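This report concerns aromatic side chains and their contacts. The sequence and structure are shown first.

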Amino acid sequence: MREVPELPELTPEQPGRGPAARVPFQVVEVTGPSMVPTLHHGDWLFVQYGATVHPGDVVILRHPFQQDLLIVKRAAERRRGGWWVLADNTFAGGDSTDYGTVPEELVLARVRARYRPLKKDQRSLWGVATWAVSALRPVSAARSVSRRLRAR
């Protein structure tokens, strides 16, 4: 995951006020295939820092073992000690099945919408029309979590 603007610092400037109090919304870019089919490499995400997270939400978090790395996953369920997060692409890995429950303080933001930029090969009238219909979409909270939890 690559951020388009600068990421706010995690240390609060004032007691009781964290990064969400200073920069509540931000745009980040998706890299990698772990959230396909919901998100694709190159998609941009409109995220809200400090938003309440519910099961099924797509979230931005710090990797539990490499905290300078931001990742995007689906918050499947709250467990003792934090969130169980899953990739929508079961073949990509890199989720709680690999590293366990993610502490609550590492879950930074909730994804509100995704924007899929126009590709260079979408120059035909049909290509541009199909892009325009699907370019900006809210990210559904309940999309694939319920199917994955039932299958396990």
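Arginine 79 lies over the face of tryptophan 84, 3.9 Å from the ring centre; a charge counts as over a ring if NZ of Lys or CZ of Arg is within 6 Å of the ring centre and within 35 degrees of the ring normal. The model is predicted: local features need pLDDT of at least 70, side-chain atom pairs count only at pLDDT 80 or more, and totals for chains, interfaces and linings use all residues. Residues are numbered from 1 along each chain as its sequence is written, and side-chain values use heavy atoms, without hydrogens and water.

The whole structure contains four aromatic pairs, where rings of Phe, Tyr and Trp (its six-membered ring) pair if their centres lie within 6.5 Å; planes under 30 degrees apart are stacked, over 60 edge-to-face, the rest tilted. Two of the pairs are tabulated.

| Pair | Centres | Planes | Class |
|---|---|---|---|
| Tryptophan 44 and tyrosine 115 | 5.8 Å | 55 degrees | tilted |
| Tyrosine 115 and tryptophan 131 | 6.5 Å | 80 degrees | edge-to-face |

Tryptophan 44 in strand β3 (residues 44–49) and tyrosine 115 in strand β7 (residues 107–115) are 71 residues apart. Tryptophan 131 belongs to helix α3 (residues 125–134), so its pair with tyrosine 115 ties together parts 16 residues apart in sequence. Helices (H or I, at least four residues) and strands (E, at least two) are DSSP runs, numbered from the N terminus.
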